[in-house]
Amino acid sequence: MQSKLEKYIVLISFISSIVGVFVINGVIIGVPDIAREFGMNNVIENWIPTIFVFAAIILTVPAGQLAGKIGFKKTLIIGCTIKLIGFIGILLATSPETFLLFRAIQGIGVAFSNVSELAIIALGIKEESRGKALGITATGVYVGTSAAPVICGFLVENFGWKSMFYITIPFLVLCVLLMIFKLDSEWKVDEKIKIDKKGSILYMIGTFLFIYGFSDLVTPIGKICLIIGLIFLIVFAIYELRQKYPVFNVKIFKNRSFTSYNIAGFCGYFAVTVVTTILNYHFQYIKGWDPETAGLILIISPIIMSITAINAGRLSDKYHPQKIALIGMTISIFAFILLSLVNANTSLHIIIIAMILQALGMGLFSSPNMNAIIGSVSKDNITDATGALITMRSVGQTMSLSLITLVFSWIMGNLELSSKYAQMIVQSSQTICVICALACIVGAIVSIIGIKSENKIKKEL
């Protein structure tokens, strides 16, 4: 039986998850209208969803250490407040630069709120109910994903793209009020430590250069940034090994199961994040549908994910969570193989079958994978575990969206996204789906490695 505190923790996490994902997927539906209003080419247009996640990943690790020191509840309030500022700024934006700036500010808010949400669940909810709580949170993600295409498609079509930002503000305000008045506890794990400023700077510079370089890999500057970013991240890892209070405890990755499950998480989110965008492009640019019609079709996957995730979370409290996640990853492999064959003449029925398979696979994967990651470490390492989980998830999402920019710019150059270039859009989407299928195969392999490693440790004990 959950206490009132636990129920409010789950409720707040549920609402916050809905808002966070709603904003990502809602913007995807409105991207063509936003791009037309601000006169963006396809490269800048693809940065609309990317920069949000880009900013989140750069700040996630430093936000995790700060949250452990000042308190996860307080940091969650800060994160939601920053997101509010981002929403208001976007509504006042008058140029592509200011629009993207406030999208980045939204991402900063997400960095603080995401790591705090998971930490509060890990610390504030009993272990035997944790999988269920994570399942409900994952369901919030998919409810947001479900609602975004339909609601935002309707809003964009009838009231303009700004309307989808207006309707999310009350939910963020509700989250902040619930945290202030209903969460009477605070959770801290690193209150006495010294903030690792140098480590944070190395991480942020390295991550920024690496992700930016990946997104612009077709140019010499992109290649240089990727290499320099990788060097910074290596220096960061070496530096962190020598610190008494590192911003991120690199030693935690000596735990083979923990490492394997995180890599699997990266692969899962790397694969799934692109799906809504490429299908939206297919429906609007290839099929010529309006945003509202595209949204009605795109709702199929998130509904299935929502139903699957909450049940998968419950199952992960009873059975080995990563084994459930492995089943989901395997199903996703077949979904992406099917999606890689989609072209301008493919029947809608085939696309829907692929969407259902992908949704079922990711629904089975997400919350069990989170439960497996958190369950593979002690409570002393919860901050590092949640930070790693969010970072790997965010890296996966960011590189996934960067993959869109990379592949489309490689195949299309700086051409605008338009039905005039339908064949190039199809070619770009097919290439992306092949890469995502390969990522899922890697995710399945490392999941098996992690499960075997965990079983070996249990036998030795």
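Contact here means heavy atoms within 4.5 Å. The model is predicted, so local features need pLDDT of at least 70, side-chain atom pairs count only at pLDDT 80 or more, and totals for chains, interfaces and linings use all residues. Residues are numbered from 1 along each chain as its sequence is written, and side-chain values use heavy atoms, with hydrogens and water left out.

**Exercise 1.** Find Gly131 and work out which residues it touches, not counting residues up to four places away in sequence.

*Solution.* 
- Step 1: Look in helix α5, residues 127-159, for Gly131. Helices are DSSP runs (H or I, at least four residues), numbered from the N terminus.
- Step 2: Gly131 has a relative accessible area of 0%, and buried means under 20% (1.4 Å probe, protein chains only).
- Step 3: List the partners. Gly131 touches Gly313, Arg314, Ser316, Asp317 and Asn371, leaving aside residues up to four places away in sequence.
- Step 4: The C-alpha atoms of Gly131 and Leu364 are separated by 12 Å, and the two residues sit 233 residues apart along the chain.

**Exercise 2.** Describe how α14 packs with α12 and with α13.

*Solution.* 
- Step 1: Pick what to report. Two packed helices are described by the angle between their axes and the distance between the axes. Axes are lines fitted to C-alpha atoms, for helices over the stretch in contact, and angles run from 0 to 180 degrees between N-to-C directions.
- Step 2: Take α12 (residues 300-315) and α14 (residues 348-375). Their axes come within 7 Å and cross at roughly 30°. That makes α12 roughly parallel to α14 (angles under 35 degrees; over 145 is roughly antiparallel).
- Step 3: Sort the residues of this contact: 13 are nonpolar, seven polar and none charged. Nonpolar covers Ala, Val, Leu, Ile, Met, Phe, Trp, Tyr, Cys and Pro; charged covers Asp, Glu, Lys and Arg; the others, Gly among them, are polar.
- Step 4: Now α13 (residues 321-339). It packs with α14 at about 155°, their axes 7 Å apart, so α13 and α14 are roughly antiparallel. The residues of this contact divide into 20 nonpolar, seven polar and no charged.

**Exercise 3.** Which residues touch the most other members of the largest nonpolar core?

*Solution.* 
- Step 1: Recall the term. A nonpolar core is a set of buried Ala, Val, Leu, Ile, Met, Phe, Trp, Tyr and Cys residues joined through side-chain atoms within 4.5 Å.
- Step 2: Among the 139 residues of the largest core, they are Ile34, Phe99, Trp161, Met164, Met179 and Ile432. Helix α10 (residues 256-286) gives the most to this core, with 17 residues.
- Step 3: Zoom in on Ile34. Its contacts include Phe99, Trp161 and Met164.

Technical notes: Helices (H or I, at least four residues) and strands (E, at least two) are DSSP runs, numbered from the N terminus. Angles under 35 degrees count as roughly parallel, over 145 as roughly antiparallel, 65 to 115 as roughly perpendicular and the rest as oblique. Buried means under 20% relative accessible area, exposed over 50%, partly exposed in between (1.4 Å probe, protein chains only).
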